[in-house]
Amino acid sequence: MGSGNRQNAYRQKRLAQRKRSRLIRQLPYFLISLLIVGILGGITYRAGAAILPILEKTKRDESSANESDAANPSADSGASADETGAGGADGTGADGEPVGTDPDEETVSRTDALLDDAQLLAAGYDYDAAIELLKSSEDYGNGADGAGDPRIDSAIAEYEAVKATLQPVETTEITHVFFHSLVMDESKAFDGDGDASGYNQVMTTKDEFLKILDSMYKKGFVLVRLHDVATMSDGKMVRGRILLPPGRKACVMSQDDVCYYEYMEDDGFARRMVIGDDGKPACEMVMDDGTVSVGAYDMVPLLEDFIQAHPDFSYKGARAVIAFTGYQGILGYRTAASYKNTNPNYAADCEAAAAVAKCLRDNGWELASHSWGHRDLGDISYDKFKTDCDKWKAEVESLIGPTDIILYPFGADVSDWHAYSHDNQRFMYLKSLGFNYFCNVDSSQYWVQLGNDYLRQGRRNLDGYRMWMDIAAGKGSSSRKLDDLFQAEDVFSSNRPTPVVWN
Ligand SMILES: [Zn+2]
């Protein structure tokens, strides 16, 4: 697991941010001090020397007051984490840190880091871990009078109080939304060429995605893993126990076909996923001038950035489910066996794709099958079904490692809505390959079936077609499907050709 590294990296960043914002906060006082010293200095050196410590003291009082504010997150702690994260954006700060040789400085900053780490855990709803972390600190209950830094005690009390308000999430009331690769350049995707109509129907644009995230966050949605919803235990699927503060709702998110297919080239999408300099998944995109840029060019890095800014959008580090077919390789690397003789970087690409997949897992993403050949698994002959499943295992699972999640292509299930039966040959074959989570497509708000030995969930497509259907139905219409998540009118890109027709 890379979570330790991530915590460390995050802590470093927060420390740097705090140092910067402290510098910026203190700068005015420092300048005022200088000014006053300048004015008074001509009159009497003693006067200036007397004033300075007073200013210093005021400054220190205020700065510690600010810090304890920031270290006292409520259930809504994401907001304060957000503010802290956004603070001190420009690193003007040179080396102007006042030379306050406070002997307690090191302890204070160690406590700050501890409180930050605990706050991050609490923001992700892991109050137990946050409290445990604080209580295990050497600064807890360790002062001269037997009491440690009071901020630690007040943070513990705060988390205990929030913990007492938590409510279990109803398993059957967990919605699941999904996307395809996001359109980064709308002028290229909706340019009227042969693929434009398909993109208009089943793709979502970057701006739309960010608006959807924003709306879902404001409505209290929190990302959970499929493995949080239910888990296998002794051969049985057991409902999970997700605890959230009142007003928060659990949701699962997924993305299909994260393969950056050949046909998508030059159509305004990323070209592949890579590991960014910060160790997190990022995307490569070819710019108009032919250069390659690495950045947030698809859902994965955009969601990483969003959660960095809003840690309370993710339950205990959850991310989305990423699903792959195999016929053109995964993540933009041409790793399918059929490329062995045509891709000169075949071996290196397989290695790189495997490394990115591991990076995704390490960062909380769940990985899934989307069949090898994007086949209708309920409809093709059983022989073809079996061959497809085996090819996925050989060409994709060999790179990404074992997974127990399948997101059906076209949403086409291997059975009707009734519970899976052990007489169902296809279900049993998928089970024999290790699959326990089965997701079709359904536009209902909730579609969760907790079977004896599986979890089945319907997924809602948040794409151009679905949004257009809501818009065409008109506000207030009972056939609208997205209002619990966002208002389609507020999200739908004005660059899309309309009407969006399904074909
Ligand atoms: Zn698909």
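Two strands pair if DSSP finds at least two bridges between them. With that in mind, here's a look at this predicted model.

Q: Which strands sit at the edges of the open sheet?
A: The sheet has three strands in the order β8-β9-β10, with antiparallel pairing. An edge strand pairs on one side only. That leaves us with β8 (272–275) and β10 (292–295).

Q: What is the bridge partner of V286 in β10?
A: Strand β9 covers residues 281–286, and four bridges join β9 to β10, the two running antiparallel. Look across from V286 to β10, and the partner there is V292.

Q: Which strands does helix α11 touch?
A: Helix α11 takes in residues 299–309 and packs on the sheet. Its direction makes about 130° with that of β9. The strands touched by α11 are β8, β9 and β10.

Q: At what angle to β8 does helix α12 run?
A: Helix α12 spans residues 346–362. It lies across β8 and β9, and its angle to β8 is about 70°.

Q: Is α5 roughly parallel or roughly antiparallel to α6, and why?
A: Helix α5 (residues 127–135) and helix α6 (residues 150–163) pack with their axes 10 Å apart, at an angle of about 160°. Angles over 145 degrees count as roughly antiparallel. So α5 is, relative to α6, roughly antiparallel.

How values were computed:
Residues are numbered from 1 along each chain as its sequence is written. This is a predicted model: local features need pLDDT of at least 70, side-chain atom pairs count only at pLDDT 80 or more; totals for chains, interfaces and linings use all residues. Axes are lines fitted to C-alpha atoms, for helices over the stretch in contact, and angles run from 0 to 180 degrees between N-to-C directions. Angles under 35 degrees count as roughly parallel, over 145 as roughly antiparallel, 65 to 115 as roughly perpendicular and the rest as oblique. Two residues are in contact if their C-beta atoms, placed from the backbone, lie within 7 Å.
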